[in-house]
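Please look over the model below with its charged side chains in mind. The report after it considers how some of them pair and where the partners sit.

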Amino acid sequence: MDIEQRQSELIDHFVKQATAASNAPALTSVIVDATSHPLLFAFSEILDLPNVVQLEATDSKVYLDMLRLFAHGIWSDYKSNAERLPQLVPDQILKLKQLTVLTLAETHKVLPYDQLMQELDVTNVRELEDFLINECMYAGIVRGKLDQLRRCLEVQFAAGRDLRPGQLGNMIQTLSNWLSTSENMLVSIQDKIKWADSMSEVDKKHRKDVEEKVDEVKKSLFKLHTVSRATSTSEGMRRSALNLVE
């Protein structure tokens, strides 16, 4: 089963559990379970549920904030706001560090070891490489190459995270700009094709003109050759006639 299908099944499972939660304690328990699950990396569907949104006005708001952290944040965000959030269990800490790698891989396809160690609070290269291999690559959320000589992770694939507020608008603008550029490029290509076609027609006409002139020259040479032979024959006959008279 691929990661997308597994994600979809887990999202449906936790959405149903969160929807069925009849009170805040039950709902916060679902949130803790979802953010602790080793195979779930998307949380926006849970975050958008009406009863989850309603936690904003309750004493359980910190769990809503924690869910937002897992949807859009990284490990350093938790460290900056740890006193205002529930204490994370080891599975949640691991999950948040995995999500941190995904966020970094969104914008950079080469991630230096030094940057990763700083973002993940890892003290040495061996520990970092073990984390990237065992918790990211084997989990299927990242594919890439560890370059020990250059001390970096070369990212080939990274699973997508939940869209952050405002990110959808930026993506639409980026795609619109790409579409405009592609359309302009297509027009330019079409113009070049038309120019190439017109030059091909000019070349064909020129070749035809040259061939016609060559044919004319050949015909002229043939006529000259014919006339020359006729003249030579007449001259020979005239001389023969004169010899007979003499």
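What follows describes salt bridges in a predicted model.

A search of the whole structure finds twelve salt bridges, and the table lists three of them with the separation of nitrogen and oxygen.

| Salt bridge | N to O distance |
|---|---|
| lysine 61 and aspartate 65 | 2.9 Å |
| lysine 79 and aspartate 121 | 3.1 Å |
| lysine 205 and aspartate 209 | 3.4 Å |

**Pairs within a helix**

Lysine 61 and aspartate 65 belong to helix α5, which spans residues 61-72, and because they are four residues apart there, about one helical turn separates them. Lysine 61 counts as partly exposed, its relative accessibility being 29%. Helix α10 (residues 167-245) holds both lysine 205 and aspartate 209, again with a spacing of four residues, or about one turn of the helix. Of these two partners, lysine 205 is exposed at 54% relative accessibility, whereas aspartate 209 is partly exposed with a relative accessible area of 29%.

Salt bridges with shared partners also connect Glu56, Lys61, Asp65 and Arg68 in one network.

The salt bridge of aspartate 121 with lysine 79 has its closest N and O atoms 3.1 Å apart. This pair links distant parts of the chain, since aspartate 121 lies in the loop between α8 (113-120) and α9 (125-137), while lysine 79 lies in helix α6 (residues 75-81), 42 residues apart. Aspartate 121 is partly exposed, with a relative accessible area of 38%, and lysine 79 is likewise partly exposed, with a value of 38%.

Definitions and conventions
Residues numbered from 1 in each chain as written. Predicted model: local features only at pLDDT ≥ 70, side-chain atom pairs only at ≥ 80, totals over all residues. Heavy atoms only, no water. Salt bridge = Lys/Arg side-chain N within 4 Å of Asp/Glu carboxyl O. Helix = DSSP H or I, 4+ residues; strand = E, 2+ residues; numbered from the N terminus. Buried < 20%, exposed > 50% of the residue type's maximum accessible area, 1.4 Å probe, protein only.
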